[in-house]
Structure formats: structure tokens, C-alpha cells
Amino acid sequence: MSTPLADTTNPDLGLLYAVNGLAKRSPQWLDHLVSWVGEYGILIGLAMLGLVAWLQARRRADAPVAIAGLLWVPLSVAVAELANLPIAAIVNRPRPFVDHPGLLVLVDGKAGTHSFVSDHSTMTMAVAVALFLVNRKLGWIAGGLALLQGFCRMFMGVHYPTDVIGGFALAVAVVLLLAPIAMAVLVPFCHALSRTAVAPLIRAPERGDSARGSAPRGRRRGRGAVRAEEQPPESDLAA
């Protein structure tokens with residue numbers, strides 16, 4: 001038995017019909033494209049952004065801190081998805097096409113699953129917010145992809161607008177509220193890794209470093225030079 005939240009009225013239902021109506025008026029190839037993008041494409045795009053962020057973070061002066069922030073990205077997604085499990089069970093909201101058969105559904109296999117909150121919206125916004133804390137430029141791009149994800153889920157007829165908004169809100173809350181705790185653990189962890197054999201994953205080797213003739217880190221190269229470990233830390237994690 002569905003909860004009162006399933007008895008969706010305007011503007012929630014009205015916006016869903018408006019967006020899903022675009023699918024009814026679109027050519028079949030566009031419907032297939034949006035379905036693939038909304039189901040897999042945006043997640044792949046976010047993974048590529050994460051790779052770019054990692055390559056850039058390794059070259060930062062505060063590389064261990066930046067890498068720690070990037071580790072929080074997938075961890076925050078996992079935490080947000082775990083938090084969604086009891087929420088979805090308590091709300092018990094069916095997919096919109098169950099109560100509104102007039103909708104065009106572009107993806108199969110969703111009938112027996114919960115609608116609130118949207119898993120895809122939660123995942124993509126968690127990536128966007130956590131990535132923004134490390135790299136603002138890439139975070140903005142990821143945020144745009146997250147908004148596109150929410151649109152695609154409504155276009156496909158598998159989520160109400162409030163499912164999408166709920167997923168966004170859950171993701172933002174998890175990422176921002178738990179980030180200080182996560183960083184308190186991940187930053188020392190990444191600093192420790194930077195002194196092991198996996199150090200290249202944390203900090204990119206400096207250009208020209210070699211066993212033959214490269215000066216050790218922190219060695220004075222001239223008047224006014226400052227040791228690397230004595231440089232003041234960056235005040236903001238995001239680049």
C-alpha cells in the first residue's frame with residue numbers, strides 16, 4: 001500500500017507530464033539516446049571527470065589533501081546510497097507510471113522498485129558536490145551533469161520531480177555534513193600513503209626527478225628559496 005506521498009498532485013505531476021510529454025513527441029532515436037544517457041552515459045561522464053580531477057590533484061602542492069578529497073567522492077556516493085535504503089522503504093513510493101499509466105516509460109525493469117528518492121540523482125549530485133570541494137571547475141561541470149540526470153529521469157518516465165529533488169537534497173546533506181569527519185580520516189591516510197610505494201598515485205613525480213642529479217625535495221636552490229615542507233598550506237581545498 002502506497003503512502004500519501006504517492007498521491008502526487010500538481011505541480012509535481014504536472015511537471016512530470018510536461019517533461020515526459022517531450023519523449024512522446026520526440027523521434028525514437030532521441031528517446032533511445034536520452035534513455036542511455038540517463039541510465040549510463042552521465043555516470044560514465046562523471047567517472048571521466050573523476051579521472052581528470054585525479055590527474056590534476058596529483059600535481060597540486062597539497063596533493064595528499066586533494067587526493068583525500070577525491071577519495072571522499074566515491075565514499076560519499078556509497079554513504080548516500082546506504083542512507084537512501086531506509087528512506088525508500090519508509091516512504092514506499094511506487095514509480096510514477098504505476099499510478100499514472102498515461103506516461104511513456106523508456107526503460108524496463110523499474111516497476112518493482114521505489115521511486116523516492118532517485119538513486120541516479122543522489123549519486124550524480126553527491127559526485128558533483130564532493131568534486132566541487134576539490135576542484136570547482138570540474139565540480140560545476142559535474143553539477144550540470146547532475147541536473148541533466150534529473151531531467152533524463154523524468155523524461156524517461158521513471159521518477160517524479162520531487163524524487164529528483166529529494167535525491168539532490170540527500171546527496172548535498174551527506175556530502176557536506178560528513179565531509180569534515182571523512183577528511184579528518186582521509187587526509188592523514190593519504191599523507192601516509194605518500195611515503196610508501198604507492199606515492200605516485202598520491203603525488204605526481206616532479207619533472208626532472210631522477211636518481212642521477214635531481215636535488216632532494218626541500219633543498220635550497222638559491223637565495224630566498226623556501227623548503228617545500230615550510231610552504232604555507234592552501235586555505236581552500238578547491239582549486
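This is a predicted model: local features need pLDDT of at least 70, side-chain atom pairs count only at pLDDT 80 or more; totals for chains, interfaces and linings use all residues.

Reader: Is C190 buried or exposed?

Author: C190 counts as buried, because its relative accessibility is 0%.

Reader: How many disulfides does a search of the whole structure find?

Author: The general idea is to look for a pair of cysteine sulfur atoms within 2.5 Å. In this structure, the search finds 0 disulfides.

Reader: How far apart are P64 and V187 in sequence and in space?

Author: In sequence, 123 residues separate P64 from V187; in space, the distance from C-alpha to C-alpha is 6.6 Å. For the chain as a whole, consider the contacts with a separation of 6 or more: 81% of them are between residues 24 or more positions apart.

Reader: What does S76 touch, again leaving aside residues up to four places away in sequence?

Author: S76 is also placed in helix α3. Its contacts, counted in that way, are A126, A130, V174 and V175. The relative accessible area of S76 is 0%, so S76 is buried.

Reader: How many helices and strands does the chain have?

Author: There are 8 helices and 0 strands. Read from the N terminus, the order of elements is α-α-α-α-α-α-α-α.

Reader: How does the span of helix α1 relate to the expected value?

Author: One compares the distance between the end C-alpha atoms with the span expected at 1.5 Å a residue. Helix α1 covers residues 12-25, a total of 14 residues. From its first C-alpha to its last, α1 reaches 20 Å, close to the 20 Å expected.

Reader: Which residues of α1 are buried, and what covers them?

Author: The buried residues of α1 are D12, L13, L16, V19, N20, G21 and A23. Their cover includes α2 (28-57), α4 (96-99), α6 (136-155) and α7 (161-193).

Reader: D12 is in that list of buried residues. With which residue does the side chain of D12 meet in a salt bridge?

Author: In a salt bridge, a side-chain nitrogen of Lys or Arg lies within 4 Å of a carboxyl oxygen of Asp or Glu. Here the side chains of D12 and R93 meet, at 3.1 Å from N to O. This pair links distant parts of the chain, with D12 in helix α1 and R93 in the loop between α3 and α4, 81 residues apart. Both D12 and R93 are buried. A network of salt bridges links D12, R93 and D163.

Reader: How many salt bridges are found in the whole structure?

Author: The search finds 4 salt bridges. One of them joins E39 to R153, whose closest N and O atoms are 2.7 Å apart. This pair, too, links distant parts of the chain: E39 is in helix α2 and R153 in helix α6, 114 residues apart. E39 and R153 are both buried.

Reader: What of R60 and D62?

Author: The side chains of R60 and D62 meet in a salt bridge at 3.1 Å, N to O. R60 counts as buried because its relative accessibility is 13%. D62 is likewise buried, at 12%.

Reader: What share of the residues in the chain is buried?

Author: Of the 239 residues in the chain, 43% are buried. As for the accessible surface, its area is about 13,000 Å², and 67% of it belongs to carbon and sulfur atoms.

Reader: Which residues make a nonpolar surface patch?

Author: Such a patch of about 610 Å² is made by W36, Y40, I44, M48, L51 and L55. Take I44 as an example: this residue is in helix α2. I44 counts as partly exposed, because its relative accessibility is 45%.

Note on methods:
Residues are numbered from 1 along each chain as its sequence is written. Side-chain values use heavy atoms; hydrogens and water are left out. Helices (H or I, at least four residues) and strands (E, at least two) are DSSP runs, numbered from the N terminus. Buried means under 20% relative accessible area, exposed over 50%, partly exposed in between (1.4 Å probe, protein chains only). Contact means heavy atoms within 4.5 Å. Accessible areas come from the Shrake-Rupley method with a 1.4 Å probe; for residues, only the protein chains shown count as cover. The expected span of a helix is 1.5 Å times one less than its number of residues. Patches are made of residues with over 30% relative accessible area and no salt bridge: like charges are joined within 9 Å, nonpolar side chains (Val, Leu, Ile, Met, Phe, Trp, Tyr) within 5 Å.
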